[in-house]
Amino acid sequence: MEKEMTASEKPLVSFVVFAYNQEAFVRQAVEAALAQTYLPLEIILSDDASQDATATIIRELAEKYRGPHKVIVNINEKNLGIGGHVNKTVALAQGEFLVFAAGDDISKPERTTMLVDAWLHAGRCAGAFHSGYDDMSENGEMLGTVSRDPNRPVLPQMCIEHNIVVGATEAWSRSIFDTFGPLHPSVIHEDRIAALRAALLDGLHYVDYPLVAYRRGGISMSPQFSRLRARRDNSHRYAVDTAHMICDIELARRKSLLTDDEADSLLSIAGNRLLREALLIRTKSLIWIPIEVVRETFLALKRTAFVAYKLFSL
């Protein structure tokens, strides 16, 4: 029988709450973070330059807290967007394992404990972990429990589909960031990028238990997202995601995480996906995709020249 670790033997874990303009919900999200049962735990409460009372509520709850967890408050002076916000909090975090929560969702007290147990059971692998969740309406009405298929293939589906994981349930090994580096600041679906990175390393792991109450119509959105949604459709966001994924696949090849044949296969699939997304965007709108990402995408697609030619000929 395996001996249970003492608190001093357990790895330090970081629980990060991201918030932006969520004054109506952030109190519940922060209280749920502070109620986590895992030790040792540092809790990072981070606000991305909200224009409402979100930051004030975060500071108030942190100042009143007298529990066992270390609490770090970060209030960004200017809005970084989702990708930049993730990068900032990962840089602040000291934990080997990172659990993320949106400012409008509610984590169950045992969430961190169960995710860490799964990670330890997997040998502290460089992977990502996600779980089932309780579906919740915007006004807090519980609508049922949602499970995922633990046997659902991740690659190459990750390069095609957008809903392999629900980001509100995710936790990541720090090794994912150590290997691939920070996210591009323009990224909005950080969960999709992290899941692909995990799949390229030690895999995506599922805990079959609802550990989060996930609020529909999530509003952890930066002004960047609000403007984007007002002016452009989903294709823009997914095009940026796919371009970022192509860069990560090429990096995985360079780091010998993939063979040339494996990388070529994934690049071909992702490249065709990016082409389809680009065809849905008017030519002028392609300027929104950051030029650095476009440049790296072009280099990564050198083995699929036809797709690259079509994309950059639009």
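**Entry 1: the model**

I am working from a predicted model.

**Entry 2: aromatic pairs**

I started with the rings. A pair of aromatic rings is described by the distance of the centres and the angle of the planes. I counted ring centres within 6.5 Å as pairs. That gave me 6 aromatic pairs.

I looked at Phe97 and Trp119 next. Their ring centres are 4.8 Å apart, and their planes meet at 20 degrees. Planes under 30 degrees apart count as stacked, so I put this pair down as stacked.

Where do Phe97 and Trp119 lie? I found Phe97 in strand S4, residues 97–102, and Trp119 in helix H4, residues 111–121. The pair therefore ties together parts that are 22 residues apart in sequence.

Then I checked accessibility for both. Phe97 has a relative accessible area of 0%, so I noted Phe97 as buried. Trp119 comes out at 1% relative accessibility and is buried too.

I turned to Trp172 and Phe177. This aromatic pair is tilted, with 5.4 Å from centre to centre and 35 degrees between the planes. Trp172 is buried at 2% relative accessibility. Phe177 is buried as well, at 8%.

**Entry 3: helix H4**

I went back to the helix that holds Trp119. Which residues of H4 are buried? I listed Arg111, Thr112, Leu115, Val116 and Trp119. I then asked how they sit around the axis. They cover an arc of only 115 degrees, which means they are on the same side of H4.

I also looked just past the end of the helix.

**Entry 4: Pro210**

My last stop was a proline within a strand. Pro210 is found in strand S9, residues 204–215. Is Pro210 buried or exposed? Its relative accessibility is 16%. Buried means under 20%, so I recorded Pro210 as buried.

I looked up its neighbours from elsewhere in the chain. Leaving out residues up to four places away in sequence, Pro210 touches Lys108, Gly132, Tyr133, Asp134 and Thr145.

Definitions and conventions: Residues are numbered from 1 along each chain as its sequence is written. This is a predicted model: local features need pLDDT of at least 70, side-chain atom pairs count only at pLDDT 80 or more; totals for chains, interfaces and linings use all residues. Side-chain values use heavy atoms; hydrogens and water are left out. Rings of Phe, Tyr and Trp (its six-membered ring) pair if their centres lie within 6.5 Å; planes under 30 degrees apart count as stacked, over 60 as edge-to-face and the rest as tilted. Helices (H or I, at least four residues) and strands (E, at least two) are DSSP runs, numbered from the N terminus. Buried means under 20% relative accessible area, exposed over 50%, partly exposed in between (1.4 Å probe, protein chains only). The arc is that of the directions from the helix axis to the C-beta atoms. Contact means heavy atoms within 4.5 Å.
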